[in-house]
Amino acid sequence: MAENYKIIANNKAAFHEYFVLEKLECGISLSGTEVKSIRAGRVNLKDSFCTVDRGQLVVHGMHISPYDHGNIFNKDPLRDRVLLAHRREIDRLYGCQKKDGLALVPLRLYFKGSHVKVELGLCKGKKLYDKRATLQKKQADREIARSLKERNR
């Protein structure tokens with residue numbers, strides 16, 4: 001059975017700053033007005049990151065704008081939100097974070113059916129020369145695609 005996916009937000013800066021070694025899907029604990037604001041697409045993942053606090057995965061810096069008609073039920077836009085994952089996964093990610101110096105970064109936020117999901121990436125930081133090499137590769141791929149398109153005309 002095919003699942004319904006609707007991507008809400010992508011973290012393009014994460015792919016520029018990090019090598020993504022592994023991806024993991026997690027649920028997220030939200031209030032009602034936050035879900036309504038997310039449905040309107042008013043979320044930003046740019047400066048967000050994840051940590052393990054007291055045995056729970058927590059996402060910091062994810063900005064969800066207040067819902068327009070939410071009045072007293074709106075929460076703080078930058079509050080820390082708990083991610084839902086299995087204990088084994090949390091312990092493994094915590095070990096990788098401490099031992100290998102890797103970062104946990106939210107890559108995507110999307111609806112899977114009626115549930116909001118977060119795709120986490122276990123990432124290793126890029127050096128400046130890695131970023132330059134990635135940009136050069138993208139530019140070369142664009143030029144190749146452009147020349148092939150012109151050739152096919």
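Author: Arg54 counts as exposed, with 85% relative accessibility. The model is predicted, so local features need pLDDT of at least 70 and side-chain atom pairs count only at pLDDT 80 or more, while totals for chains, interfaces and linings use all residues. Residues are numbered from 1 along each chain as its sequence is written, and side-chain values use heavy atoms, with hydrogens and water left out.

Reader: Why is Arg54 called exposed?

Author: Exposed means over 50% relative accessible area, buried under 20%, and partly exposed in between (1.4 Å probe, protein chains only). Arg54 has 85%, so the label exposed applies. Arg54 sits in the loop between strand 4 (49-53) and strand 5 (56-60); helices (H or I, at least four residues) and strands (E, at least two) are DSSP runs, numbered from the N terminus.

Reader: What makes Tyr110 buried?

Author: The relative accessible area of Tyr110 is 2%, which falls under 20%, so Tyr110 is buried.

Reader: Why is the pair of Tyr5 and Tyr110 called tilted?

Author: Rings of Phe, Tyr and Trp (its six-membered ring) pair if their centres lie within 6.5 Å; planes under 30 degrees apart count as stacked, over 60 as edge-to-face and the rest as tilted. By this rule there is one aromatic pair. The ring centres of Tyr5 and Tyr110 are 5.7 Å apart and the planes are at 50°, so the pair is tilted. Tyr5 belongs to strand 1 (residues 5-10) and Tyr110 to strand 8 (residues 103-112), so the pair ties together parts 105 residues apart in sequence.

Reader: Why is Arg142 called partly exposed?

Author: Arg142, in helix 4, has a relative accessible area of 49%. That value lies between 20% and 50%, so Arg142 is partly exposed.
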